[in-house]
Amino acid sequence: MENHEVEIKARNPVPVQITVLRGRSLKGGKIDNPIAYVRAEYNNVHLGDSGKLQVTEGEIEYNFTTSFDCSFDGIQGLDNLVHKPVILTVIEVLPKEKKKKDEKTVILGQATVDLLPLVQGECMFTRTITIHPFFGAYLEQAISDEIKAVLDIAVSVPEPLLSETQLEGSNLLRITAESAYSVPESWNLTGPQFNYIVALFLPLSTQKELRVVFSNGMLKVAGEKEPRIKPKRWPVSNIVAFGAQNMADSFIEVCPYEDEDGELNSKEDWTFRTEAENEKKRVTWNIERRCFMEPEALLSLQTHIAETTFLPVEIKRVPLTPPAKSGKSSKMDKTEEEGPISFHGVAYVNMAPLLYPGVRRIRGAYPIVAFNEAEIFEKTKHKRNLTRETSGGKGQSQHAKITANKFKDEKGAKEAVKKSLINMKTLMTEHGLESEASGAVNMEGDQHAEARSYIVLEFSLAKPLVQKRLREDLAKRIAEMIPPRPLFPRRTSGADKAVTDYHNQIISVAKIIMDEYQEMFGPKLFEGKLSHEYQDQEERKHKLIFELNTSGKYFAFKEQLKHAVVKIVREKYLKTVAFEDREQLQTFLNELYIYLVDQMHCCLHKLLHIDPPDPIPESLLSSAQLKHFAKEAEGNKNFELASKYHLERLARDKSNPEHWFDYGTFYLLLNDYVKAEECFREAIAVDQEHVNSHVLLFSILLCGILACVNEQYEEADNFFESARCFEPSNIIAWTMQGLFYESQDQTILAEMAFLEAKKLQTATETLKKSLDEVVVDKAKATKVPETEPREKKEARKSIDVDESPLMAKHQEEPKLIPVTEQTLNETIPEFTRSIYMQTARFLLEVNALQFVSRAMAHELICNENGLSCEYHVVLARLYMQQGEFGKAEECLAEAGRINHQNPDLWALLGHLSYMKGDYTETKKHYARTISYVNDAFDMHSVCLRLGFIYLQEDVPLSYESAKSVYLIASQKAPSCLTWLGVGIACYKLNELTDAEDALCEANILCNSNADVWGYLTLVCLKTGRKLEAEQTYKYALKLNLGDQQLLDEIRQLQQTLGFGNSSF
């Protein structure tokens, strides 16, 4: 970011050229074809006048070109471009009167040129802009609504003002001061006139601030209605034509009170706000101030919001100086903010929503309270300089100024010294002699609170400060997301079909032969006179063959089988041409004969024997899915269901060490160390061939930890030593051994182990960096950036086993919808976890909390650059698993001050609020968690709990939100509960088809969930399927449906429809 800023400041000024091509539909005051010219102004500087040309049929071809230089010194040049327009004034030259030498002129109208496209990357643009008539000019009377006077203009620069990188890194902040309502009753239109001012400071860096001032607020009497369409005005004062003060195509967007971000958006405030905005006095600005934000300013703004949350906005009243006599400049330009300040108030704008992912705009009503420097310091932790805020020079009220001004003469320097002395005195005498004066000011400021004054402000960004996750569009129908399952066996084709046809022909011939045999020898067989001697059987065989030959049936059989045999030759053996060699033909015939006879025997065997029973179909759930269901049950504190899933995995394959390892971590969660140790020892015993080396290593380490818990230190030493010897390159194994040696006061051995772990980490980092460089170089050479993250990710997975040890296990993962790949810059890590942080995260994953505190203590001591956000998040996870929620909340508050964009932070805050039963805060934290691009570590629980809270709100909009959240969970890691949530949401929205599809999918994943059967009952009742409604209702009762509200809804619907319950 610093390089971009230096690049901007180092550039030479770029000329901005404005060309007035022509004017159309122009009319003068006294003659039809007057003489008129155009005057161009920018930033209170006269750029030049066009030639004085005569209007011909309402048109003038000016072709007038002028220019000014856009400076890149600081942000003033670019910032002026975005909020100051070029003002074009059309002036009519009146005919000379007799006896007068000077010619008279009259202003016909003004037009403004918005230069924002230049800052957005355009080098040239053309516009047709409207000439707004000056009050009282003939142009105002002559132009109808359909035909307006216009100017055709063109604006260009020789080169882009910002490169693509600078455009991507910068942002545009729009601040709109709309109106202050329910202002004090002492404000009147009669008597002395005042300038109503709104002022605030935006942080640009640690040393600079941008001053934004809105002046010339218009006091309006009670009952004066505002127009429905309110255009935004330019923040400049030298536009005399009323319509030209409005920005083109920029209007105030009014939203319902409940959708605002301010403090007065609750139902209790609606009546008061409606009354205040229609029946009480108000001050209206409707001015938009655009601020160009460089990367440094954006970072400073984010830091300011994260640290202080509130942005103070001052509201004050300053008396207007009467206009000067002719020949002298008006003091208005010099004293817009000079003079005594009265009714000094402040509104505190909560800017925190701008740090939410994807949020670009906040708008709301903010109460005005009396200005109090101590209160501002308490809320913002920043001491305001009143002298700097209230004093100003020429033009300060109309555009921002950098507060760190440089003085060019000695007089200015002396004045600065005096002001600094006054400031020091103010800081030292907060409760001293000046208290009486400040009390007098506060008395006027308190009238804002008495009148319940408030101001409506809007802050809008072109791009959000924190990017939101880009998710794929959810499927319109739930059935499209459900994985397809074959309902019918696949149709055979090719060689398989040829063999099947041959089997069918063999069966057909066999049945005919059996019928012939029954006809010849059936009567004797029925009478019991058929002999079973071998000679008699051979004789009956010869008679049958003789009969088949003499009757021609044998020949018919051959013809019947001939076509099937030909298909086998062609499809299975791929023989389509004649054999040239007789030996090859004979060999093939022998092979074909053997195959046909074997197939005939197989076919006859099936025909003459009873088919065995169909095998039991395999379960649709994989071992990885069962593990996911078990972890889900553990997160919901349903330990009985979790144990059931773990036992089902073991029942399928007791020789899989991973099943025993996961079962052991489950017992660690329950603090049942005896059974946990049995499981880990079993995992070691069944994996003698080291098929799953990571599981074996972790099992040995956890056996060592449990030995320490049982105070069997010699045995623990053996386990840790075995783990280190088994995989010498594992960082966690070395770190765990060092922590063990430290617990035994073996300092030298502990230092040796930690040193070796750090060496391995250094080697790993070096290898990662080299791989990163290779990937970057390869990407530059091939120019295919889309493949960079995936290649790099695969390369890193092969070496980064220590950063995510449990994910490196060789297991069958559930089929999940992939998440969008990160960019190459996001893939390269900004920092590498220490050996202690890696170990602590691993121990938390496997529920082994005994050594986590030791690892975190080392992280606290060894971190020279200050504690990271991850440290506080991991420590909060430890406290939460130990039940110390107060300490966890303190850690998360500290983590938020360091990095407010960490999704793990907001997930844990949501879990804390959920445990306290504060569902309102829980919903806010969880909604923010799922909005981030990166997932939190416990994303599944976040989605389940957030969806549950939405369903409890019993509002159609909440049902839509619940459906979306549950669908996100179903995309990533489908389970019975995720699809049940989708089904409930769809049922509440009366989307019965989608609800049935989702509930059926939930039933496939777990057919013992009573709630699934209950909602299936409701769906069947509403769709009029009596038999299915009764069956699903019986299953729900059989599984002991415990949701009484659901039972009552089912029974009420059964009574209404008159079916669905067999007891009716």
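1. Strand β1 (residues 14-24) pairs with strand β10 (residues 150-156) in the antiparallel sense, over seven bridges. Strands here are DSSP runs of E with at least two residues, helices are runs of H or I with at least four, and both are numbered from the N terminus; two strands pair if DSSP finds at least two bridges between them. The bridge partner of G23 in β10 is L151.

2. This is a predicted model, in which local features need pLDDT of at least 70 and side-chain atom pairs count only at pLDDT 80 or more, while totals for chains, interfaces and linings use all residues. Residues are numbered from 1 along each chain as its sequence is written, and side-chain values use heavy atoms, with hydrogens and water left out.

3. β1 and β10 belong to an open sheet of four strands, ordered β5-β1-β10-β8, with antiparallel pairing. Its edge strands, β5 (60-70) and β8 (124-130), each pair on one side only. On average, neighbouring strands of this sheet are turned by 20 degrees against each other, direction ignored.

4. Helices α16 (residues 623-635) and α17 (residues 639-652) have axes that come within 7 Å and cross at roughly 160 degrees. Axes are lines fitted to C-alpha atoms, for helices over the stretch in contact, and angles run from 0 to 180 degrees between N-to-C directions. The two helices, α16 and α17, are therefore roughly antiparallel to each other (an angle over 145 degrees).

5. In α16, the residues S623, L626, K627, F629, A630, A633 and E634 meet F639, L641, A642, Y645, H646, E648, R649 and R652 of α17 (contact: heavy atoms within 4.5 Å).

Terms used. Angles under 35 degrees count as roughly parallel, over 145 as roughly antiparallel, 65 to 115 as roughly perpendicular and the rest as oblique.
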